[in-house]
Amino acid sequence: MSYTSMEGLSTVKYSQMLNANNLANINTWGYKAQKSQNFCVLIEGEGYQTKAYSQVRDGGFDSSLGRNEPTNNPLDIALKGHGWIEVEKTNGEVAYTRRGDLRLNEQSFLVNGVGDYIRGESGRIFIPEGDMTIQKDGTINIVPLSSDNSSSMVLDRIKLVKPDDSMMVRRDDGLFEMKSKEILNMDTSVNLEVGKLEKSNVNHIEVLVNFINLQEKFNFNKKVMDVESRAKESSSNLIELK
Amino acid sequence: MSGVLSIAKTALDASQKKIANTANNLANINTKSFKKGRLIFQDTMYRKLKQSGVEVSDDQHAPMGITLGTGVKLVASEKIFTQGEIKKTSNPYDIAIQGRGFFKVSLGNGTVGYTREGNLKTDSSGNLVTANGLILEPGIRIPDDADNISIGKNGVVKFTRSGYTGEIIAGTIELTKFINPAGLEPIGENLYIETVASGVPIDGVPNENGFGYLEQGLEMANVNTVEELVELMEGQQHYQHVSQLFKVEKENSQTLLGNTR
């Protein structure tokens, strides 16, 4: 009996860690909540089935949309609906994200708040001197410094993609990639909301409810262990008396 | 420390910083040319663990790995340089920048700082200085008996003087801009200094080459009271929840320890 409840404890612990991580990332722009999946594995054997393992596995990520919060900052972008922004890490790896707190780094490349390079038609986007604006289809316009009039020209276009989210998986670094590891093609139907940032999609109420449920499970399993250890004690006492 | 405890600790830390940032924004609602702060959070590295092999029936997928998050971290805090509202005043020395750019001031000992605060005045020698007495660079001097001071959109400072006809030009107020103003380091009193992240300073003249223009009046803080109050409430609520999680998890850990023989 003890082993079953110990197993129970460790799946509870995993779920608690998942829940805690979601709670911790309630202020992380573009964060997608972790999901877990509990399932029961019946132990086959002779006679009656009296034992079942409680197993938990990675349920992937919650791909529901976070709220797009207005910031009035012209370099902040939030995806309108599903889709992803293609980024390149400093080590050259290409991956996907939903965070859009853009700025220029000291070499004048377009990056997001954690330093990943935003990719355009042909990789990293260099922004020359001038007044840049981002359009809702991801196009970057610029009024170059050298021009006398306000003639704006198209500089590049942010690479936005829209795969089926069930084909995407979270990487160790928090960015996302296709399970197949493929690099996607630009999807011109994806639009942005400029001057907004997508909030974490963690549902505070859900986190609290999970917290309470998991704590109950923990207490229950703990009780089972207590009962069992008392039962052991009393049976060993019986033996002694004899 | 249990996995849950260490995650909860990062959450507690982040939550406290968020509240402090919001409180600072609220405290500076009336500070001229104040730029609101914002925190950049990131979810920290995940650990992927394989499930130990448990036989499963054929119609179930083989268990995938489980992904363990490790909480959250503060990557940086930044200032958001959106335009503050410019409120007209009756003082010709009050000027604000509409658009990009900063005034450059001398911090003494050869260093310079940058500011958006344009409630200027003259010091005892007639130099144009900020409200804190820091000299504008390049320097502009205005004589004691100057009248009808005017500062144009393009930064040209003019005055009249008895005994002289027409307007006299004292000089031109220059501006400095940066590739990434959010990367500037605030050093207090609405002053900023350049960093690697901000990029090198680019000097120029108001109203040309992408620089903003000067306008009479003072720039208000770019803080929205209602927004910040909502953030504060949410932040406090979040802090309470995380504290509770932390407390319960500590108790759980102790309970488990008590159970091992």
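**Entry 1: the A/B interface**

I looked up the contact between the two chains: 57 residues of chain A touch 60 residues of chain B. The model is a predicted one, and I read every value below with that in mind. For the area buried between chain A and chain B I noted about 5,000 Å². Carbon and sulfur atoms give 56% of that area.

I then listed the charged pairs across this interface and found 5 salt bridges. One of the residue pairs joined in this way is B:Glu234 with A:Lys199, at 3.6 Å from N to O.

Which elements of chain A each supply at least two residues of the side that touches chain B? I found two helices, H1 (2-24) and H2 (204-241), together with strands S1 (34-42), S2 (52-61), S7 (103-104) and S11 (130-134). Sorted by class, this side of chain A has 21 nonpolar residues, 18 polar ones and 18 charged ones.

**Entry 2: A:Lys199 again**

I went back to A:Lys199 to see what else its side chain meets. Within chain A, A:Lys199 also forms a salt bridge with A:Glu69, with the closest N and O atoms 3.2 Å apart. The two residues lie 130 residues apart, and the pair links distant parts of the chain. A:Lys199 is in the loop between strand S18 (196-198) and H2 of chain A, while A:Glu69 is in strand S3 (residues 68-70). So that I have the total on record: the count over all chains is 33 salt bridges.

**Entry 3: a sheet in chain B**

I traced an open sheet of 4 strands in chain B and wrote its order as S7-S8-S16-S15, with antiparallel pairing.

I checked two of the pairings. S7(B) and S8(B) pair in the antiparallel sense over 5 bridges, and B:Val105 stands opposite B:Gly113 in S8(B). The hairpin of S7(B) and S8(B) has 2 residues between the strands, and B:Asn109 takes a positive phi near 40° there. Strand S8 (residues 111-115) and strand S16 (residues 191-193) of chain B run antiparallel and are joined by 2 bridges. B:Tyr114 has B:Tyr192 in S16(B) as its bridge partner.

Methods:
Residues numbered from 1 in each chain as written. Chains lettered and ligands numbered in written order. Predicted model: local features only at pLDDT ≥ 70, side-chain atom pairs only at ≥ 80, totals over all residues. Heavy atoms only, no water. Contact = heavy atoms within 4.5 Å. Buried area = accessible area lost by both parts, 1.4 Å probe. Salt bridge = Lys/Arg side-chain N within 4 Å of Asp/Glu carboxyl O. Nonpolar A, V, L, I, M, F, W, Y, C, P; charged D, E, K, R; others polar. Pairing = 2+ DSSP bridges.
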